[in-house]
Amino acid sequence: MSTPSLMNHVVIVFLKELVDALRDRRTLLRLAVPALLAGPLMLMLMSGLIAQFETRAEQREVLVQGMQHAPTLRNYFERQNYTVKEAPADYEVRLRDGKLADPVLLVPADFEDKLARAEGPELELVTDSANQRANVGAGPISRLVEGFGRERAGLHLMLRGISPELLKPVDLNERDLASPGARASRITVMIPMFVIMAVLYGCLTAALDSTSGERERGSLEPLLMNPAKPLGIVSGKWLAVALLGAGVAGLCSLSFMPAQLLLRSDALAAMFRFGWGEVASFALILLPLCAALGAVLMAVAIRTKTFKEAQASATLAMTLVGLAPMVSIMNPGGDAPWQLWIPGLGQNQLMLLVLKGEPITLLQWGPAVLTAAVLTSACLVYVARHMREAVSR
Amino acid sequence: MITLDQIAKRFKAPAPKAQGLSALLRKPAAHWVEAVKNVSLQAGNGRITGLLGPNGAGKTTSLRMLAGLFQPDAGRIEVDGIDVQREPQAALARMGILGDAHGLYPRLTARENIVYFGRLQGLSREQAEARSEALSELLDLKKVIDRRAEGFSQGERMKTALARALVHDPANIVLDEPTNGLDVLATRSLREALRVLAREQGKCIVFSTHIMQEVEYLCDEVVVVARGASVARGTVDELKQQAGCERFEDAFVALAFGNEREAA
């Protein structure tokens with residue numbers, strides 16, 4: 001009988017932990033189902049919203065109250081291919097409740113007279129900024145009314161023999177530099193956050209089960225009475241934890257592929273591209289995160305007395321990493337190189353780059369890998385040192 | 001062969017709460033609990049040595065130090081001449097330990113639990129499988145060997161844990177209150193197994209207990225531990241003589257609590 005090497009111990013512990021975790025079907029299912037559903041659900045909701053905007057833009061409808069007072073305006077609207085509809089009488093209540101998805105234009109009774117006398121009749125556009133759908137519709141209507149004003153002004157000038165060009169001394173053309181992918185990333189900015197959450201939850205259960213769970217079951221003490229180096233045992237456990245996290249992250253990334261088929265908006269479907277290349281990039285980005293998170297959660301859990309306490313302590317780490325992507329969501333475009341060094345935030349930035357369809361350089365990937373490597377080794381050594389203490393507590 | 005030579009261990013404990021203003025101003029002084037003050041034991045091969053003492057006497061702490069879980073503050077621990085503090089891995093390879101905590105992995109079968117530890121001890125998969133088969137015979141585990149440990153009874157769990165501790169066929173066996181929670185039949189079969197291991201296979205067995213009958217039935221030698229120190233040693237008959245009592249229970253009470261009574 002020979003004492004096995006450190007590597008042997010790592011493999012033996014890893015295989016056992018993997019079998020143990022895979023047999024826990026119920027927990028696995030509870031991890032896998034949200035991971036698989038998060039992507040499709042979110043994309044579906046977003047595409048539904050955007051499709052709604054699109055169809056509304058195609059419908060070209062204006063809700064007006066008092067259109068009978070403004071035949072000139074009606075004429076203009078209809079020439080712009082808009083259908084004028086009478087607004088319901090209780091429009092205010094319905095806008096506030098979010099039941100009405102369009103803003104309402106109010107035309108005063110003396111509109112036509114004032115217009116004829118050039119007294120500047122007043123129109124009122126009623127919307128509710130808390131009603132997102134109605135609010136979005138306000139822009140096109142106000143542009144429509146401005147167009148009406150410009151046309152009137154131009155006609156007046158022409159009658160007086162002045163070129164309407166004088167009203168437009170400057171021409172403005174917009175040119176959008178964003179690639180379709182980059183344009184879509186305004187919508188997909190949330191995706192990395194969900195994937196990072198999936199990694200967190202994937203690692204959490206396994207990390208706690210293999211440390212404080214093992215202690216609570218009373219199997220850590222006998223395990224340490226084997227002639228195995230603590231670092232070997234810890235490394236084996238950590239490998240299994242990181243692999244589970246990676247598995248859940250992989251499922252979550254893969255779920256975006258079929259989710260694309262569910263996109264109801266053609267424009268969004270054209271902009272959002274998620275193929276095998278993107279899945280592979282996500283995997284490369286997330287592997288270091290899985291490794292680091294697994295080690296951190298184990299280090300947090302080994303100091304606690306019970307599984308419950310471990311869960312409470314892990315919440316802090318989970319919140320920090322889980323909310324890191326908020327930095328970029330709150331401050332879009334304000335990316336700085338230091339962000340790549342922060343676990344969670346760095347991965348978020350890299351995944352956003354992938355979603356924008358931009359290539360990732362080693363210089364961008366390196367910092368995230370380096371921090372993860374340092375964090376992982378520090379935590380593993382820490383756990384190995386404190387395992388014996390944990391038993392005697 | 002296991003030797004504990006005058007080992008001692010104290011633990012830091014939370015200090016009693018100070019009252020009033022001084023609690024805020026002064027940092028409470030460290031409070032120490034002396035779990036083991038002076039325990040010595042010599043356990044020879046082919047013999048069963050009992051560590052007999054009341055609850056809280058320091059038996060489990062002593063055995064945990066023997067298992068290398070923490071270092072004694074003073075004293076020396078040797079297993080077959082190997083110093084546990086200096087070469088813990090080598091010492092552990094020569095011991096099979098059934099500690100105070102002996103949880104199984106509920107999602108693994110009894111066999112997988114045993115083989116896992118065998119592999120960690122350096123056995124090949126085939127060797128570990130063969131040993132688990134042999135041990136299930138010895139410990140009467142055949143019926144449950146391929147069932148998951150989840151639904152095991154206390155006795156089945158204890159026997160599986162014992163098989164797991166013995167998987168590498170260690171020359172020295174250490175058991176911490178092994179009959180805790182076992183019924184009469186399970187206790188009997190465990191006793192039988194221990195006898196076979198010591199008498200027929202020449203193992204050195206050390207086990208701790210607070211149950212008199214067990215010691216009387218099994219032990220070749222008894223070390224009485226009380227308040228963190230070993231206070232008497234010898235065969236059951238020798239201890240009875242020493243205390244001048246006819247019943248072993250009386251002898252134990254006299255030896256373990258005698259000084260206390262005199263003081264009171």
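1. A residue is buried if 20 or more other C-beta atoms lie within 10 Å of its own. Please keep that cut-off in mind for the next point, and remember as you read on that this is a predicted model.

2. Let's start with Gly50(B), which sits in strand β3 of chain B, a strand covering residues 48–52. Gly50(B) has 25 C-beta neighbours inside 10 Å and therefore counts as buried.

3. Which residues does Gly50(B) contact, leaving aside its neighbours within four places in sequence? They are Phe207(B), Thr209(B), Val215(B), Leu218(B), Cys219(B) and Val222(B).

4. Now to the contact between the chains. Chain B gives 26 residues to it and chain A gives 23 residues. On the side of chain B that touches chain A, the elements giving two or more residues are α3 (88–93), α4 (110–120) and α6 (154–166) of chain B. Of that side, α4(B) supplies the largest share, with four residues.

5. What is the make-up of the side of chain B that touches chain A, in nonpolar, polar and charged residues? There are 15 nonpolar residues, seven polar and four charged.

6. Finally, a word on chain A. Its domain assignment gives domain 1 as two stretches, 6–48 and 181–392, and domain 2 as 60–175. The C-alpha centres of domain 1 and domain 2 of chain A are 52 Å apart.

Technical notes
Residues are numbered from 1 along each chain as its sequence is written. Chains are lettered from A and ligands numbered from 1 in the order in which they are written. This is a predicted model: local features need pLDDT of at least 70, side-chain atom pairs count only at pLDDT 80 or more; totals for chains, interfaces and linings use all residues. Two residues are in contact if their C-beta atoms, placed from the backbone, lie within 7 Å. Ala, Val, Leu, Ile, Met, Phe, Trp, Tyr, Cys and Pro count as nonpolar, Asp, Glu, Lys and Arg as charged, and the others, Gly among them, as polar. A residue is buried if 20 or more other C-beta atoms lie within 10 Å of its own, exposed if 12 or fewer, and partly exposed in between; C-beta atoms are placed from the backbone. Domain bounds come from an automatic or database domain assignment.
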